[in-house]
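Here is a short report on one protein chain.

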Amino acid sequence: MFNRTRARHSSSPRRARLAVERLDVKDLQFADELPEGRMVELPGRGTAFVRIASGPAGAPTVLLLHGLMATADLNWSLAVPALARQFNVVAPDLRGHGRGIATKQFSGEECAEDVAAIVRSLELGRVIVVGYSLGGLVAQIFVRHHPEMVAGIVLCATASRFDVPTGKGLVRLVEQAARRFPERFRRAAMLAMLAPKSADCPRGRWLMSEVRRHDTMALLDAIAEAAKFNSGSWLGDSTCASAVIVTQDDLVVSVEAQRELARVLRRPSVYEIPGDHFVCIKRPREFNEALVAACAGVLA
């Protein structure tokens, strides 16, 4: 069961430390069936892949933005049916990820404009935008630039600042070298890094088929984007209703950084749940219970 709280103010900013954790397919849960997938032409931007699930007639729309190195299907397959009982649901692949828009360089600003173009093209009206990890970065920028499109924001396992190892020292040099490697070497390294344990099974092979769709240079750009991101000076100016889902055992985005994000916002509802950065696929029942409550709460 999740704990619901209100954020308290703090003057000590914290950074979220990004780390890599190897997953085991046996610990992961995904939906057996997926909703309609559609390629949506965004004028002047490209073609976006979007999952769409219809909720009750007249229901508001929740727009789901996935995390780094994930796709809509990997991040949200079990969240979509849980939300669709009360909401219409739209879940795109971000640019450079999965079947998202092809890009020369990943940019949070460009992703936010992609989201706005999806809202316009599908005539979604005002949406509850939900961002997970890197998707939270995109969601924050989207709310800043397009408040007229937003009915509320829910931020999950994310932060207002990220402590990214590639931002300094030897790791920075390795990241720069990786950009000069041929694509086949970068791809081999990505697959080796992201390959879960026990992957030789139908679920593991499907997971890796999603990962293989990624643009490796876009992933490096996304990590660099997170390294320089800091919404602390402007996120609190947003007047839209907000909620934060804190993953209490997170080693990728620290719980302290997630709570600091909540304090930057204007009195968000805070839902704390046990679980690590991958709680959405490791403990989806608990996560989706909090997610549905958070989405309903920002409308209340």
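How many helices and strands are there in the chain? There are 11 helices and 11 strands. Both are DSSP runs, numbered from the N terminus: helices are H or I with at least four residues, strands are E with at least two.

This is a predicted model, in which local features need pLDDT of at least 70 and side-chain atom pairs count only at pLDDT 80 or more, while totals for chains, interfaces and linings use all residues. Residues are numbered from 1 along each chain as its sequence is written, and side-chain values use heavy atoms, with hydrogens and water left out.

**The chain as a whole**

Of the 300 residues, 57% count as buried. Buried means under 20% relative accessible area, exposed means over 50%, and partly exposed lies in between (1.4 Å probe, protein chains only). The accessible surface comes to about 13200 Å². Carbon and sulfur atoms hold 52% of that surface. These areas come from the Shrake-Rupley method with a 1.4 Å probe; for residues, only the protein chains shown count as cover. Contact means heavy atoms within 4.5 Å. Among contacts between residues at least 6 apart in sequence, 79% join residues at least 24 apart.

**His 277**

His 277 sits in the loop between strand 11 (269–273) and helix 10 (279–282). Is His 277 buried or exposed? His 277 has a relative accessible area of 6%, so it counts as buried. Leaving out residues up to four places away in sequence, His 277 touches Tyr 132, Ser 133, Ala 157, Asp 250, Val 252 and Val 253. The side chains of His 277 and Asp 250 are joined by a polar contact of 2.8 Å. Such a contact is a pair of N or O atoms within 3.5 Å; within protein, one must be able to donate a hydrogen and the other to accept it, and residues adjacent in sequence count only if both atoms are side-chain atoms.

**Aromatic rings**

The structure holds six aromatic pairs. Rings of Phe, Tyr and Trp (its six-membered ring) pair if their centres lie within 6.5 Å; planes under 30 degrees apart are stacked, over 60 edge-to-face, the rest tilted. Two of the pairs are tabulated here.

| Pair | Centre to centre | Angle between planes | Type |
|---|---|---|---|
| Phe 30 and Trp 206 | 5.1 Å | 70° | edge-to-face |
| Phe 229 and Trp 234 | 6.2 Å | 80° | edge-to-face |

Phe 229 is buried at 8% relative accessibility, and Trp 234 is buried at 14%. Ring pairs also link Trp 76, Tyr 132 and Phe 287 into a cluster.
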